[in-house]
Amino acid sequence: MCMQGRVGRCRRDSNEMMDFLEPLLKLLFAFVLAMPAAINRERYSQIMGLRTFPLVSMGACAYAVIAMGILESVDGDAIARIMQGILTGIGFIGGGAILKGDNRVRGTATAATIWGLGAMGTAVAFEQWSIAIALSIVSWLALSVLFDLKEEVDHNYEREKDVDRDDGDDRGND
């Protein structure tokens, strides 16, 4: 509590405390927003998930926060280069999630989600709260709700292929 005559010092101390806490709160927010998608991927994909998604989101947030702290003025070109580096690095990590085998490609949803969650972490750093929250919600919805629709489409496609084979249908074999 500030005493009479020390109000100026108390305000300065309060500002220093906020300067310290603000980046920590952003990192925490990036972590929390990544969790719904992370839990889904951990449960269903197991390629990346509970540890990787929040770490990527927080890492993207941290790099952007550090860069803004280093830059004295908001230089659009410098910010663009920073975001390009973040985007490239996250793309590399996402590429590791894509697996090909048995005439199938797996992990593209995980790779795309990791890319989106990197953007989400960057949005948190730049205090673009609506974008960050929207990316978190849409990522979770795409992984959870659209999963059932994808399964239905895949099931119908496989059933259609089986019927075509049984009927001797040679469409596409001209």
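The largest pocket holds about 700 Å³ of space. Here a pocket is an open set of points on a 1 Å grid over the protein atoms alone, where a 1.4 Å probe fits, with protein on both sides within 12 Å along at least five of seven lines; its volume is the space filled by probe spheres set on the points. The model is predicted, and local features need pLDDT of at least 70, side-chain atom pairs pLDDT 80 or more, while totals for linings use all residues. Residues are numbered from 1 along each chain as its sequence is written.

The lining of the largest pocket (residues with an atom within 4 Å of a point) consists of 25 residues, and R41, G107, A109, F147 and K150 lie nearest the centre. Two or more lining residues come from each of α1 (7–44), β2 (104–106), α4 (108–125) and α5 (129–167); helices are DSSP runs of H or I with at least four residues, strands runs of E with at least two. α5 gives the largest share, 12 residues. By type, the lining has 12 nonpolar, six polar and seven charged residues, with Gly counted as polar.

Helix α4 also packs against α3 (residues 76–95), at an angle of about 155 degrees and with the axes 9 Å apart. α3 is therefore roughly antiparallel to α4, a term for angles over 145 degrees. In the contact (heavy atoms within 4.5 Å), M83, I86, L87, I90, G91 and G94 of α3 meet A111, I114, W115, G118 and T122 of α4. Seven of these contact residues are nonpolar, four are polar and none is charged.

Terms used
Side-chain values use heavy atoms; hydrogens and water are left out. Axes are lines fitted to C-alpha atoms, for helices over the stretch in contact, and angles run from 0 to 180 degrees between N-to-C directions. Angles under 35 degrees count as roughly parallel, over 145 as roughly antiparallel, 65 to 115 as roughly perpendicular and the rest as oblique.
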